[in-house]
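Have the viewer open as you read.

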Protein chains: 2
Amino acid sequence: MNKPQITIKDIARALNVSPSTVSRALKNNPDISQETRTLVQNYAREHNYKPNELAVNLRVSRSNTIGVIVPQLVHHFFSCVLSGIEKTAAEAGYNIIVAQSNESYEQEVKIAQSFLAARVCGVIASLAKNTSRYDHYQELLNNGIPIVFYDRICTGLKTERVVVDDYAGSFAAVEYMIQTGCKRIFFYGAAPHLEITKNRRNGYLDALKKYKIPVDESMMLLCDTRERAIAITPDLLESENRPDGFFAINDETAAGILYACKLVGVKVPDEVSICGFTDGAIAQSTDPKLTTVEQHGEEVGKSAFSILIEKLEGDGEKSCNKIVKTNLVVRGTTK
Amino acid sequence: MNKPQITIKDIARALNVSPSTVSRALKNNPDISQETRTLVQNYAREHNYKPNELAVNLRVSRSNTIGVIVPQLVHHFFSCVLSGIEKTAAEAGYNIIVAQSNESYEQEVKIAQSFLAARVCGVIASLAKNTSRYDHYQELLNNGIPIVFYDRICTGLKTERVVVDDYAGSFAAVEYMIQTGCKRIFFYGAAPHLEITKNRRNGYLDALKKYKIPVDESMMLLCDTRERAIAITPDLLESENRPDGFFAINDETAAGILYACKLVGVKVPDEVSICGFTDGAIAQSTDPKLTTVEQHGEEVGKSAFSILIEKLEGDGEKSCNKIVKTNLVVRGTTK
């Protein structure tokens with residue numbers, strides 16, 4: 001039969017000191033006299049004391065793991081954000097648990113529950129496209145788990161946020177197109193309830209307004225994928241009042257518009273200007289290369305992590321709404 | 001003053017049964033008589049017993065977290081692999097901790113140590129480009145943590161592996177280029193010690209051999225980025241014995257070659273054929289679109305997770321070397 005393992009309490013009893021003294025002596029804490037440290041350490045060695053590894057691990061896993069919710073992992077901007085979070089987390093000694101919602105509200109709810117069960121110390125999240133209820137996030141907050149939203153934020157909850165400057169980015173892009181001669185610029189956006197759609201559309205509208213170009217609702221369409229752009233653009237290009245510019249909510253969609261222009265023989269940028277949003281690998285690969293609004297995804301991730309850590313390790317009182325600047329990168333799809 | 005929480009031991013003492021009986025009775029385990037279960041459960045309720053949540057979480061966090069090492073998160077293939085791992089892990093109720101080595105051996109060593117400290121139950125990893133020592137992985141294995149390598153595998157350790165069929169993919173690509181008229185095909189590869197470079201070069205060499213095309217060492221170059229391809233390709237295209245084909249180790253490099261051809265006015269595919277490897281977003285965005293070898297990254301990730309789970313939950317005896325098929329996607333950069 002194995003002898004039972006001796007514990008810190010056993011050592012304390014045998015040497016007539018307190019358990020906390022034993023614990024600190026074993027860690028060679030200088031608050032404890034050298035004499036006592038030697039006494040405790042020798043006794044522990046002789047009696048083959050082993051620290052309770054489970055308890056040690058428990059502390060590790062509870063205190064330094066952050067849950068990250070990503071709508072899609074195979075996506076340039078989100079990869080950049082995740083990379084930014086991972087880099088700052090690694091430097092700060094935190095682990096990140098990564099889960100993707102696959103743009104599904106139901107999946108997002110499951111992830112939030114699993115993060116709660118895993119006792120992550122904080123969450124960094126971006127909403128799925130169809131998420132419009134937030135109880136699952138409220139539940140995390142109720143359990144004392146702080147949340148920082150990034151990009152697709154939740155305005156219904158009082159949490160920290162990091163967004164890219166969608167409004168200014170889109171205003172600058174549309175202003176540039178107007179200044180280079182465009183008069184009929186279409187806006188291809190994502191789901192209208194998303195903050196990114198609202199802010200980018202507002203930038204578009206305000207740029208039109210500044211240059212006294214009348215707004216036409218029929219020129220603002222729901223189109224946020226390459227496939228959809230290829231499907232709907234040719235008819236527009238062959239209509240009577242055809243567009244002379246497109247501002248698209250992402251590069252994928254802008255690349256689809258470019259493809260559609262080639263299909264019907266419309267010259268870019270001579271007859272039509274195109275501007276995307278993201279500046280990922282796609283923007284450098286098209287011919288001509290895309291004019292686009294550069295989103296600093298890695299910067300978004302780094303900020304989100306820093307804000308969360310401030311919340312966890314700092315006083316955590318002040319709330320924060322960080323805006324990461326964008327900038328317009330002019331390439332070959334605009335004049 | 002708060003009354004101290006009662007423990008399982010207190011209940012056991014009060015009811016004169018063993019602590020393990022109490023524990024099982026509280027979980028309603030049918031091994032314990034209904035009478036004893038009722039007795040224990042009533043006593044626990046009356047005395048406001050609360051299970052030790054920390055211990056419960058500990059079990060959760062120890063038993064269901066997998067560590068994943070990714071060389072670069074902002075990379076189409078690795079994003080796909082990660083997505084595949086995440087999806088299968090979520091279905092199986094596992095969390096994944098994600099860390100990126102940023103192609104650094106030193107960072108990889110730190111990650112392995114942190115995974116050990118966090119007591120992950122298994123690791124899925126792909127080597128950094130400059131990793132050629134494996135002690136940090138051996139240390140994980142010594143601690144009973146199984147490892148599945150993917151893509152950039154480690155042949156020096158006895159572990160499970162998932163690779164894409166680099167050899168067959170590259171053989172098929174080069175054979176196709178030869179069959180459509182190419183006689184001087186250059187190979188642009190990554191670091192020569194990497195298994196993916198070796199296997200893809202072997203596929204290239206065997207295809208040349210099959211068609212009795214002499215091998216020329218000066219036609220196999222180290223070039224695995226867009227920038228490097230743009231830097232070195234124009235001179236080759238203007239040399240006397242200029243290439244009539246390029247087989248590149250990734251799409252990024254192939255897109256760089258295409259760009260270089262346009263720079264010097266060489267027509268693709270009329271004068272030069274180009275084939276990449278990956279089939280990510282870039283391949284669809286170039287003009288013409290890239291002929292490339294499709295790597296099923298998500299499939300690689302799903303397989304890696306399944307093999308790890310088999311190791312963790314199954315008998316775990318048989319070792320496994322899974323090869324995920326590739327296929328050639330012919331588009332506009334080849335005849």
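Does A:Tyr204 count as buried or exposed? A:Tyr204 counts as buried, because 25 C-beta neighbours sit inside 10 Å. A residue is called buried if 20 or more other C-beta atoms lie within 10 Å of its own, exposed if 12 or fewer, and partly exposed in between, with C-beta atoms placed from the backbone.

Before going further, some housekeeping. This is a predicted model, in which local features need pLDDT of at least 70 and side-chain atom pairs count only at pLDDT 80 or more, while totals for chains, interfaces and linings use all residues. Residues are numbered from 1 along each chain as its sequence is written, and chains are lettered from A and ligands numbered from 1 in the order in which they are written.

**Around A:Tyr204**

A:Tyr204 belongs to helix H9 (residues 195-210) of chain A. Helices (H or I, at least four residues) and strands (E, at least two) are DSSP runs, numbered from the N terminus. Leaving out residues up to four places away in sequence, A:Tyr204 touches A:Ser170, A:Val174, A:Phe187 and A:Phe247. Touching, or being in contact, means that the C-beta atoms of two residues, placed from the backbone, lie within 7 Å. Take A:Val174: it is 30 residues from A:Tyr204 along the chain, yet their C-alpha atoms are separated by 5.9 Å.

Zooming out, chain A is split into domain 1 (8-48), domain 2 (59-164 + 297-324) and domain 3 (166-296), with bounds from an automatic or database domain assignment. The C-alpha centres of domain 1 and domain 3 of chain A are 70 Å apart.

**Where the chains meet**

How many residues does the contact take from chain B and from chain A? It takes 30 residues from chain B and 30 residues from chain A. On the chain B side, the elements giving two or more residues are helix H4 (53-63), helix H5 (76-92), strand S2 (95-100), helix H6 (105-117) and helix H12 (281-285). The residues of that side divide into 17 nonpolar, 9 polar and 4 charged. Here Ala, Val, Leu, Ile, Met, Phe, Trp, Tyr, Cys and Pro count as nonpolar, Asp, Glu, Lys and Arg as charged, and the others, Gly among them, as polar.

Chain B can be laid on chain A with an RMSD of 0.6 Å by a turn of 179° and a shift of 0.3 Å along the axis. The two copies are thus related as by a two-fold rotation axis. The superposition is by least squares on the C-alpha atoms of residues with pLDDT of at least 70 in both. In chain B, the C-alpha nearest the axis belongs to B:Ile97, 2.0 Å from it. The same surface serves both copies, as 100% of the contact residues of chain B recur in chain A.

**Two helices**

Helix H5 (residues 76-92) of chain A has 17 residues and reaches 25 Å from its first C-alpha to its last, close to the 24 Å expected at 1.5 Å a residue. The expected span is 1.5 Å times one less than the number of residues. Of the 17 residues of H5(A), 13 are buried, so the helix is largely enclosed by the rest of the structure. Next comes A:Gly93, with a positive phi near 80°.

H6(B) has 13 residues that should span 18 Å at 1.5 Å a residue, and its end C-alpha atoms are 19 Å apart, which agrees. Its buried residues are B:Glu108, B:Ile111, B:Ala112 and B:Phe115. They cover an arc of only 100° around the axis, which puts them on the same side of H6(B); the arc is that of the directions from the helix axis to the C-beta atoms. These buried residues pack against strand S1 (65-70), S2, strand S3 (122-125) and helix H7 (135-142) of chain B.

Most residues other than glycine have a negative phi, and most peptide bonds are trans. These spots are worth a look:

| Site | Feature | Value |
|---|---|---|
| A:Val268 and A:Pro269 | cis peptide bond | omega about 5° |
| B:Asp287 and B:Pro288 | cis peptide bond | omega about -5° |
| A:Asp279 | positive phi | phi near 65° |
| B:Asp151 | positive phi | phi about 60° |

A:Pro269 lies in the loop between helix H11 (251-263) and strand S9 (273-278) of chain A. A:Asp279 sits in the loop between S9 and helix H12 (281-285) of chain A, and counts as buried with 25 C-beta neighbours inside 10 Å.
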